[in-house]
Amino acid sequence: MKFKGNAWKFGSDIDTDRIIPARYLNTSDPKELAKHCMEDEDASFASKVRPGDIIVADKNFGCGSSREHAPIAIKASGIACVIAKSFARIFYRNSFNMGLPILESEEAFGSIDAGDVIEVDMDTGEIVNATKNLRFKARAIPPFMQELINSGGLMEAIKKKGAV
Amino acid sequence: MRPMTITEKILARHAGLKEVTPGELINAKVDIALGNDITAPIAINEFRKSGAKKVFNRNKVILVPDHFTPNKDIKSAAQCKVLRDFAIEQKLTHYYEGGTVGVEHALLPEKGIVVPGDLVIGADSHTCTYGALGAFSTGVGSTDLAAVMVTGELWFKVPESIKFVFTGKLRKWVSGKDLILHLIGDIGVDGALYKAMEFTGRPIEALSMDSRMSMCNMAIEAGAKSGIIAPDKVTKAYVDKRAERPYKFYSSDEDAVYCEVREYDCNAIEPKVACPHLPENTKNVGELKNITIDQVVIGSCTNGRIEDLAVAAKILKGRKTAKYVRLIIIPATPHIYNEAMKKGYFDIFLKAGAVISPPTCGPCLGGHMGILAAGERAVATTNRNFVGRMGDVKSEVFLANPAVAAASAIKGRIAHPDEVMK
């Protein structure tokens with residue numbers, strides 16, 4: 001999987017309430033959730049984000065609640081991939097389970113500005129800042145997680161194992 | 001055999017292994033799987049999409065619609081109906097609504113559904129609460145819940161453990177809530193990322209079950225996978241009256257390996273307040289006496305238990321809330337509600353000017369039953385003070401224990417209980 005898009009930059013400890021505020025959790029419709037994605041952090045996000053754009057964030061992205069609505073909202077908003085210094089654990093798990101591509105990179109955050117054109121190769125973990133002509137290598141995705149991605153998420157993986 | 005922590009022992013047992021090592025990926029049997037009105041609809045949809053017809057065990061899949069209940073609007077009602085229909089169809093033993101529903105993490109231990117030694121997953125981040133009973137329990141997402149509903153198993157990465165050793169004696173008005181706030185203030189909101197937190201020491205042994213639960217409840221606010229306290233005679237007294245299944249006590253080996261050991265002297269810990277907009281922004285209550293407030297919320301899976309209401313009643317007895325302060329008290333379960341009523345706390349609360357809400361998560365996550373307007377400020381016994389958590393994006397939440405919350409309601413500003421209880 002390869003992506004190319006413009007960067008959206010967010011700070012550290014972006015919690016799930018900022019990704020999708022609880023007041024919108026009376027639905028799980030991805031399109032509805034996407035309308036309010038990142039609303040309390042940047043009210044213009046949902047209207048300005050373009051398909052293929054990439055979120056670049058500081059440490060502990062997705063901390064807080066277990067709501068899978070958070071990666072669902074991000075994916076449905078058109079974001080192709082999230083790169084962060086680190087991810088909160090439930091968000092990390094949820095993203096692999098439901099199919100939002102995410103990568104961890106310490107260096108990328110400091111060398112990417114909002115609006116930069118970013119290229120991501122999920123298979124090699126290579127991140128290219130095309131605007132600044134810089135390259136980074138994301139932390140390797142554990143083989144088990146790679147298998148989940150290749151299967152198309154957790155439910156597909158358990159189906160493959162014949163567990164249903 | 002390698003020495004193991006309590007967490008490693010529980011995981012090994014449920015994976016059918018003699019031993020496990022941090023970092024190892026395991027597939028483990030799940031004793032209890034929980035979902036609520038926000039997370040279960042997605043899980044139920046995934047369950048149906050998978051082609052599965054029956055949950056792996058109707059006694060072990062628990063549905064508790066507690067977040068936006070009593071149904072706050074039409075969309076919430078539709079979400080709850082998904083749970084209700086599924087519970088009826090699958091003949092789930094543990095489904096609660098109306099006058100039987102309570103805040104999930106208060107309800108499950110109270111009913112003896114979760115017992116020591118269990119491996120519990122819940123599609124709710126505060127599922128870590130049950131570590132207070134000596135269970136391994138962790139929050140997951142809806143798809144994980146769906147996978148467990150189908151198979152009864154889930155993959156886990158065995159976490160490293162951090163040992164937190166408490167010494168000394170708890171000062172007056174200091175509870176488990178203050179210990180965990182102090183600790184999060186020390187290590188930060190990702191200070192225990194992916195790790196298991198193990199709380200030990202004499203002061204922990206002296207804590208009540210209610211206080212232990214509020215402590216383990218907030219392990220997630222330090223980024224942890226789980227929080228746990230080794231079960232002891234306090235645990236036994238609590239679970240013997242309730243457990244619906246046989247339980248097993250585990251404890252860490254003396255030479256178990258921890259990635260870190262941290263010590264805290266309780267003699268130096270005062271009642272704490274976490275300031276907006278992260279639980280790590282902790283200060284001593286005395287430093288915040290000029291912060292005026294509009295609302296106080298006493299409740300939630302962190303501090304809506306009987307001990308919490310008892311300390312609030314002690315402080316509010318014969319006193320009134322300050323003018324222009326709304327005090328909202330939310331007993332966490334119907335049983336706690338009934339206990340509080342029988343003990344006369346409702347008279348005290350009503351005379352003080354409080355409103356008593358039915359059990360619900362409600363305002364904790366900005367759902368309903370006490371939403372803040374722009375510019376409003378609340379002291380809450382809840383667990384999160386993120387931007388917009390209790391309402392408008394320009395509102396603020398200060399997290400505290402129930403004694404501080406009650407004293408603040410009386411003073412109309414953040415106050416130390418000693419200021420009221422002279």
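Modeller: What follows is a close look at one open sheet in chain B. First, the ground rules. This is a predicted model: local features need pLDDT of at least 70, side-chain atom pairs count only at pLDDT 80 or more, and totals for chains, interfaces and linings use all residues. Residues are numbered from 1 along each chain as its sequence is written, chains are lettered from A and ligands numbered from 1 in the order written, and side-chain values use heavy atoms, with hydrogens and water left out.

Now the sheet. In chain B, 4 strands line up in the order 9-8-7-10, with parallel pairing. Strands here are DSSP runs of E, at least two residues long, and helices are runs of H or I, at least four; both are numbered from the N terminus. Two strands pair if DSSP finds at least two bridges between them. The edges of the sheet are strand 9 (226-228) and strand 10 (260-265) of chain B, and each pairs on one side only. From one strand to the next, the twist averages 20 degrees.

Look inside the sheet next. Strand 7 (residues 161-167) and strand 8 (residues 196-200) of chain B run parallel, paired over 5 bridges. Across that pairing, Lys163(B) faces Glu198(B) of strand 8.

A helix packs on the sheet too: helix 1 (residues 6-15) of chain B. Helix 1 touches strand 7, strand 8 and strand 9 of chain B; contact means heavy atoms within 4.5 Å. The direction of helix 1 makes about 110 degrees with that of strand 9 of chain B. Such angles run from 0 to 180 degrees between N-to-C directions, with axes fitted as lines to C-alpha atoms, for helices over the stretch in contact.
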